[in-house]
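Work through the exercises below with the sequence and the model open side by side. Try each task before reading its solution.

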Amino acid sequence: MKALGERKTMTLNLTESEMTVLEKLSQEKDMTKTAVLRQALRLYQLIEHRVAHGEKLYLEDELSKEKKELVVL
């Protein structure tokens, strides 16, 4: 049985533009690329869970207060 928190290694192939985005986020957030990907995975999991339970996700323009629904496929 694996110990809790034990890590597994994987190889991830990204396009040049995807890697550029990951590197930019890593620098902006002062996080490792691995930490950015882990955070993105947790966020995606949270969104999927909430949408599966009937919730909707909206983006709101701070100035106009206009809301747009984010559709998760």
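**Exercise 1. Two ends of a salt bridge**

Task: Decide whether Arg50 is buried, partly exposed or exposed, then find its salt-bridge partner and classify that residue too.

Solution. Start with Arg50. Its relative accessibility is 41%. Buried means under 20% and exposed means over 50%. Arg50 therefore counts as partly exposed. This is a predicted model, so side-chain atom pairs count only at pLDDT 80 or more.

Next, look for the partner. Arg50 forms a salt bridge with Glu55. The closest N and O atoms are 2.9 Å apart. The cut-off for a salt bridge is 4 Å, so the pair qualifies.

Last, classify Glu55. At 37% relative accessibility, Glu55 is partly exposed.

**Exercise 2. The other salt bridge**

Task: How many salt bridges does a search of the whole structure find, and which residue pairs with Lys24?

Solution. The search finds 2 salt bridges. Lys24 pairs with Glu28, and their closest N and O atoms are 3.8 Å apart.

Now place the pair. Both residues lie in helix H1. They are 4 residues apart, about one turn of the helix.

Then check the surface. Glu28 has a relative accessible area of 52%. The limit for exposed is over 50%, so Glu28 is exposed.

**Exercise 3. A nonpolar patch**

Task: Which residues form the nonpolar patch on the surface, and what is their accessible area together?

Solution. The patch consists of Met10, Leu12, Leu14 and Leu37. Together they have about 370 Å² of accessible area.

Take Leu12 as the worked case. Leu12 sits in the segment before helix H1, which covers 16–29. Its relative accessibility is 45%. A patch residue needs over 30%, so Leu12 passes that test. Leu12 counts as partly exposed.

**Exercise 4. The largest pocket**

Task: Describe the largest pocket by its volume, its lining and the helices that contribute to it.

Solution. Begin with the volume: about 540 Å³.

Go on to the lining. It has 15 residues. Nearest the centre are Met10, Leu12, Thr34, Leu37 and Arg38. Met10, Leu12 and Leu37 also belong to the nonpolar patch of Exercise 3.

Finally, assign the helices. H1 and helix H2 (33–52) each supply at least two lining residues. H2 gives the most, with 5 residues.

**Exercise 5. Positive phi**

Task: Where do Asp30 and Lys65 lie, and what phi does each have?

Solution. Take Asp30 first. Asp30 is found in the loop between H1 and H2. Its phi is positive, about 55°, although Asp30 is not a glycine. Its relative accessible area is 73%, so Asp30 is exposed.

Turn to Lys65. Lys65 lies in the loop between strand E1 (57–60) and strand E2 (67–70). Its phi is also positive, about 65°, and Lys65 is not a glycine either. At 51% relative accessibility, Lys65 counts as exposed.

How values were computed: Residues are numbered from 1 along each chain as its sequence is written. This is a predicted model: local features need pLDDT of at least 70, side-chain atom pairs count only at pLDDT 80 or more; totals for chains, interfaces and linings use all residues. Side-chain values use heavy atoms; hydrogens and water are left out. Patches are made of residues with over 30% relative accessible area and no salt bridge: like charges are joined within 9 Å, nonpolar side chains (Val, Leu, Ile, Met, Phe, Trp, Tyr) within 5 Å. Accessible areas come from the Shrake-Rupley method with a 1.4 Å probe; for residues, only the protein chains shown count as cover. A salt bridge is a side-chain nitrogen of Lys or Arg within 4 Å of a carboxyl oxygen of Asp or Glu. Buried means under 20% relative accessible area, exposed over 50%, partly exposed in between (1.4 Å probe, protein chains only). On a 1 Å grid over the protein atoms alone, a cavity is a set of points where a 1.4 Å probe fits but cannot get out, and a pocket is an open set with protein on both sides within 12 Å along at least five of seven lines; lining residues have an atom within 4 Å of a point. Grid points are joined across faces, edges and corners, and a volume is the space filled by probe spheres set on the points.
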